[in-house]
Amino acid sequence: MYSEKVMDHFSNPRNVGEIENASGVGTVGNAKCGDIMRIFLDIDDNQVIKDCKFKTFGCGAAVATSSMATEMVIGKTVEEALKVTNVAVMEALDGLPPVKVHCSLLAEEAIHAALWDYAEKKGITIEGLKKPKNDIYDEE
Amino acid sequence: MILVGKLIYLDNAATTKVYPEVFEAMQPYFMENYGNPSSIYGFAAKSKKAVDDARKTIADFLGAKENEIYFTGGGSESDNWALKAAVEGYKKKGNHIITSKIEHHAILHTCEYLEKNGYEVSYIDVDENGVIKLDELEKAIKPTTVLISVMFANNEIGTIQPIKEIGEIAKKHDVLFHTDAVQAYGHVPINVEELGIDMLSASGHKTGGPKGIGIMYLRNGLKIGSFIHGGAQERNRRAGTHNVPGIVGFGKATEIAGRTLQERAEKESRLRDRLIDQILERVPHARLNGHRTDRLPNNVNISFQFIEGESVLILLDQQGICASSGSACTSGSLDPSHVLLAIGLPHEIAHGSLRLTLSEETTEEDVDYVIENIEKNVNRLRSMSPLYDDFVKNQK
């Protein structure tokens with residue numbers, strides 16, 4: 001049911017772990033629904049993401065989207081990272097089954113939540129970044 | 001995706017391998033004795049005899065009469081038939097059905113359908129082990145109650161229900177009693193007379209028989225009409241040309257199941273207990289779901305905190321192990337198994353459940369390999385789980 005890329009990122013997830021004294025940390029999801037993602041960002045003075053790590057509770061797709069999302073934002077500026085959408089993560093994984101699309105949304109939200117935390121810590125505003133929902137199922 | 005040259009099949013509650021003797025017994029009914037049992041000529045007599053013989057084997061196995069066994073297309077059809085025909089046949093008495101919260105969807109979704117069509121359904125709670133609350137069940141009976149339908153044994157957590165007691169309650173109040181015995185048939189002894197069962201559903205493929213064949217036991221004298229309309233097969237109660245190879249296969253599987261039941265149950269329950277004990281000993285923050293002793297001999301269901309079931313299944317698959325889970329991700333919705341929620345598990349723990357269902361082919365080596373890999377997989381997934389991180393940090 002999963003693409004080879006999803007299986008690869010699930011079996012050999014990239015960037016699992018934590019960053020101590022991270023520039024920004026974001027946690028999204030809900031254990032009740034079976035997925036929680038936590039993203040750690042290390043951002044330098046030029047607003048370039050030097051490192052990104054994750055921890056995820058969830059299914060195969062949740063782990064794979066977290067792993068792919070971390071790879072996609074490393075080396076990008078904060079502004080560029082904002083453009084890493086759930087669709088981009090899904091495309092990079094050669095697609096997800098329809099019931100798993102919410103996992104990619106979770107990955108996008110987790111990155112945004114970590115960037116929001118970074119902006120708050122720095123006392124800056126990142127243009128185009130909205131305050132993330134802590135729980136992507138809030139509206140349901 | 002299997003990365004190792006192994007296949008350890010521990011999903012026998014989903015379906016089983018057909019016994020070689022079953023396959024052999026079925027073969028002549030495809031190309032040699034392919035006649036329609038309903039035909040008049042001598043050539044079809046062999047097919048008719050094969051169907052009659054299978055019916056007798058199954059009737060004997062259940063302590064029923066031959067003319068109380070009806071062949072169907074499977075367990076789901078039998079469940080649908082039982083519920084829909086019972087409320088129709090007894091509509092003068094009332095429109096109320098009593099069932100449990102942990103039934104298979106073949107029962108629950110049929111009940112929901114009936115509710116939409118004006119019938120009333122009471123869903124009885126189960127305790128933390130998944131055993132139906134008999135006092136609640138009895139209290140739910142009303143003058144309009146026509147049917148109690150409670151499964152013999154649960155497909156997810158393996159708990160065996162107090163069928164005899166339910167049969168007594170039903171009889172006392174003059175209510176029909178149906179049991180979905182799809183998971184129990186061939187694995188635990190069933191005698192419809194002793195247990196006071198009026199209707200029973202079973203399926204061939206959960207006990208070494210073929211897929212696509214089921215039975216319904218209907219006690220003689222019940223006002224249960226036809227569900228599939230057409231020809232006069234099955235004494236006008238179930239139309240459709242007999243699935244002769246399937247019926248023969250189900251009969252053979254029943255014969256084998258009856259002969260081996262005790263020995264098989266002893267072997268499986270010994271390995272089941274080894275799995276349960278070892279996993280609970282080696283993996284912290286894990287719990288057994290279902291009754292510890294009143295459970296199917298081949299069922300193990302364990303929840304692991306802080307991880308999600310589908311991830312465990314994928315890792316096990318890569319290790320050559322077939323298992324299943326009650327997590328939302330395997331059900332295609334956001335909610336985990338209704339059975340695990342009914343026994344009181346919080347959502348996040350229900351998501352981390354794993355079901356292993358053994359067969360007589362399962363060996364001690366298999367079990368040890370599975371235990372080792374489960375421990376490894378759970379540790380690996382916990383090491384990347386933010387929930388586990390938070391738990392460890394909060395403990396400090």
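The stops begin with confidence and then turn to helices, the interface and single residues.

**Before selecting**

This is a predicted model, in which local features need pLDDT of at least 70 and side-chain atom pairs count only at pLDDT 80 or more, while totals for chains, interfaces and linings use all residues. Residues are numbered from 1 along each chain as its sequence is written, and chains are lettered from A and ligands numbered from 1 in the order in which they are written.

**Stop 1: colour by confidence**

Colour both chains by pLDDT, the predictor's confidence in each residue, from 0 to 100. Chain A has a mean pLDDT of 91, with 95% of its residues at 70 or more. Chain B averages 96, and 97% of its residues score at least 70. For the complex the predictor gives an ipTM of 0.92 and a pTM of 0.94.

Now select residues 136-140 of chain A, where pLDDT stays under 50. The model has eight contacts beyond four places in sequence for this stretch; two residues are in contact if their C-beta atoms, placed from the backbone, lie within 7 Å.

**Stop 2: helix α3 of chain B**

Select residues 45-62 of chain B, helix α3. Helices (H or I, at least four residues) and strands (E, at least two) are DSSP runs, numbered from the N terminus. At 1.5 Å a residue, the 18 residues of α3(B) should span 26 Å, and the end C-alpha atoms are 26 Å apart, which agrees. The expected span is 1.5 Å times one less than the number of residues.

Which residues of α3(B) are buried? They are S47(B), A50(B), V51(B), A54(B), R55(B), T57(B), I58(B), F61(B) and L62(B). These residues cover an arc of only 160 degrees around the axis, which puts them on the same side of α3(B). The arc is that of the directions from the helix axis to the C-beta atoms. A residue is buried if 20 or more other C-beta atoms lie within 10 Å of its own, exposed if 12 or fewer, and partly exposed in between, with C-beta atoms placed from the backbone.

To see what covers the buried residues of α3(B), display elements of chain B including α2 (28-31), β2 (69-72), β8 (214-218) and α10 (244-282). Just after the helix, G63(B) takes a positive phi of about 70 degrees.

**Stop 3: the α4–α5 pair of chain B**

Select helix α4 (residues 75-89) and helix α5 (residues 105-116) of chain B, which pack at an angle of about 35 degrees with their axes 9 Å apart. Axes are lines fitted to C-alpha atoms, for helices over the stretch in contact, and angles run from 0 to 180 degrees between N-to-C directions. On the α4(B) side, the contact residues include L83(B) and V87(B), and on the α5(B) side they include I107(B) and L114(B).

Keep α5(B) selected. Its buried residues are A106(B), I107(B), T110(B) and C111(B). They cover an arc of only 125 degrees around the axis, which puts them on the same side of α5(B). On the other side of α5(B), E112(B), E115(B) and K116(B) are exposed. The cover over the buried residues includes α4, β3 (96-100) and β4 (120-124) of chain B. Just after α5(B), G118(B) has a positive phi of about 95 degrees.

**Stop 4: where the chains meet**

Show both chains: 21 residues of chain B are in contact with 20 residues of chain A. On chain B, the elements giving two or more residues to this side are α11 (309-318), α12 (328-331), α14 (347-350) and α16 (386-395). Of these, α11(B) gives the most, with four residues.

**Stop 5: single residues of chain B**

Centre on N377(B), in helix α15 (residues 364-383) of chain B. With 23 C-beta neighbours inside 10 Å, N377(B) counts as buried. Leaving aside neighbours within four places in sequence, N377(B) is in contact with V312(B), L315(B) and L316(B).

Next select D174(B), in the loop between α7 (163-172) and β6 of chain B. D174(B) has a positive phi of about 60 degrees although it is not a glycine, and it is exposed, with 10 other C-beta atoms within 10 Å.

Finish at N236(B), in helix α9 (residues 233-236) of chain B. N236(B), not a glycine, has a positive phi of about 70 degrees. N236(B) is exposed, with 12 other C-beta atoms within 10 Å.
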